[in-house]
Amino acid sequence: MNCPFCSHGDTRVVDSRLGKEGKNVRRRRECPDCERRFTTYERVEEILPWVIKKDGRREAFDRAKIISGMQRACEKRPVSVAQIE
Ligand SMILES: [Zn+2]
C-alpha cells in the first residue's frame, strides 16, 4: 500500500492485531522513505444489497455513505464513533 504522506510505493507492517470479535485486522504501517506511520483495516468483503433511492434509482450499498449519514444524524448527541461503526 502506498504511503498516504509521500506516496512511496511500499510500506512495512510494524504491528498487526485482530479487532473486536475477530472481524477485522488492524495494521500499523511505516513508510521506509518518510518514516511516518499510519493504520489500515482489513475486513471481509460482504455481499451487499442494492439501495433503492426515492426516485427509483438503484445504487450499490456504500458503507461510507451510511456512516456519514449516521454521523450527521448523531451530531451533538452522545454517540461515539465506535458505536456508529
Ligand atoms: Zn512516506
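Reply: Donors here are N, O and S atoms within 2.8 Å of the metal (3.2 Å for Na, K and Ca); water is not among the atoms, so sites may look incomplete. This is a predicted model, where local features need pLDDT of at least 70, side-chain atom pairs count only at pLDDT 80 or more, and totals for chains, interfaces and linings use all residues. Residues are numbered from 1 along each chain as its sequence is written, and side-chain values use heavy atoms, with hydrogens and water left out.

Me: Which protein atoms are donors of the zinc ion?

Reply: The donors lie 2.2 to 2.4 Å from the zinc ion. Along the chain they follow the spacing C-x2-C-x24-C-x2-C. They are Cys3 (SG), Cys6 (SG), Cys31 (SG) and Cys34 (SG).

Me: What is the geometry of the zinc ion's site?

Reply: Four donors count as tetrahedral if all angles lie between 85 and 135 degrees. The angles among the four donor atoms here are 105 to 118°. The site is tetrahedral.

Me: Is Cys31 buried or exposed?

Reply: Buried means under 20% relative accessible area, exposed over 50%, partly exposed in between (1.4 Å probe, protein chains only). Cys34, at 29%, counts as partly exposed. Cys31 has 0% relative accessibility, so it counts as buried.

Me: In which loop is Glu35 found?

Reply: Phi of Glu35 is near 65°, a positive value in a residue other than glycine. Glu35 is exposed, with a relative accessible area of 59%. Strands (E, at least two residues) are DSSP runs, numbered from the N terminus. Glu35 sits in the loop between β2 (24–30) and β3 (37–43).

Me: Where does the largest pocket lie relative to domain 1 and domain 2?

Reply: A pocket is an open set of points on a 1 Å grid over the protein atoms alone, where a 1.4 Å probe fits, with protein on both sides within 12 Å along at least five of seven lines; lining residues have an atom within 4 Å of a point. Domain bounds come from an automatic or database domain assignment, which gives domain 1 (1–44) and domain 2 (46–85). Both domains give residues to the lining, so the largest pocket lies between them.

Me: What is the volume of the largest pocket?

Reply: Its lining includes Lys20, Tyr41, Arg63 and Glu85. Grid points are joined across faces, edges and corners, and a volume is the space filled by probe spheres set on the points. For the largest pocket that is about 560 Å³.

Notes
Four donors count as tetrahedral if all angles lie between 85 and 135 degrees; four count as square planar and six as octahedral if opposite donors are over 155 degrees apart and all others between 65 and 115; anything else is irregular. Helices (H or I, at least four residues) and strands (E, at least two) are DSSP runs, numbered from the N terminus.
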